[in-house]
Amino acid sequence: MKAGKVASGEFQVEEAIKNYKAYLVILAEDASGGTKKKFMNSCKYYEVPFIQAYDKETLGSAIGKKQRAVIAILDEGFANKLSKNLESEVI
């Protein structure tokens with residue numbers, strides 16, 4: 001993934017959602033209840049699709065970072081392809 005196409009960590013993902021830059025948000029299944037609630041509510045309010053998938057270790061590893069509870073996909077094409085692959089899990 002090219003630089004600038006993924007936001008990771010709570011602050012960056014929250015900003016991406018609020019600034020309409022996020023096309024898909026992925027929440028780790030083992031994220032805290034508060035984190036899940038915060039991002040589910042934010043995604044619903046800003047009409048950003050989201051899924052709960054993988055664990056924090058896997059999400060972080062996928063983007064070359066340490067554990068991440070939440071990431072946002074900032075590239076529309078990649079988000080669409082990912083959504084189609086995980087269609088049954090998109091909320």
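Analyst: Two strands pair if DSSP finds at least two bridges between them. Helices (H or I, at least four residues) and strands (E, at least two) are DSSP runs, numbered from the N terminus. This is a predicted model, where local features need pLDDT of at least 70, side-chain atom pairs count only at pLDDT 80 or more, and totals for chains, interfaces and linings use all residues. Residues are numbered from 1 along each chain as its sequence is written, and side-chain values use heavy atoms, with hydrogens and water left out.

User: OK, what order do the strands of the open sheet have?

Analyst: The order of the four strands is E1-E4-E2-E3, and the pairing is mixed.

User: Which strands stand at the edges?

Analyst: Strand E1 (6–8) and strand E3 (50–52) do; each has a single partner strand, so one side of each has no neighbour in the sheet.

User: How many bridges join E1 to E4?

Analyst: Three, and E1 runs antiparallel to E4 (residues 70–73). Ser 8 stands opposite Ile 71 in E4.

User: Now helices. At what angle do H1 and H2 cross?

Analyst: Roughly 15°, with the axes of H1 (residues 10–18) and H2 (residues 33–46) coming within 10 Å. Axes are lines fitted to C-alpha atoms, for helices over the stretch in contact (heavy atoms within 4.5 Å), and angles run from 0 to 180 degrees between N-to-C directions.

User: Which residues make the contact?

Analyst: Among them are Val 13 and Ile 17 of H1, and Phe 39 and Tyr 46 of H2.

User: And where does H4 lie?

Analyst: Helix H4 (residues 76–85) lies across E2 (24–27) and E4, at about 55° to E2.
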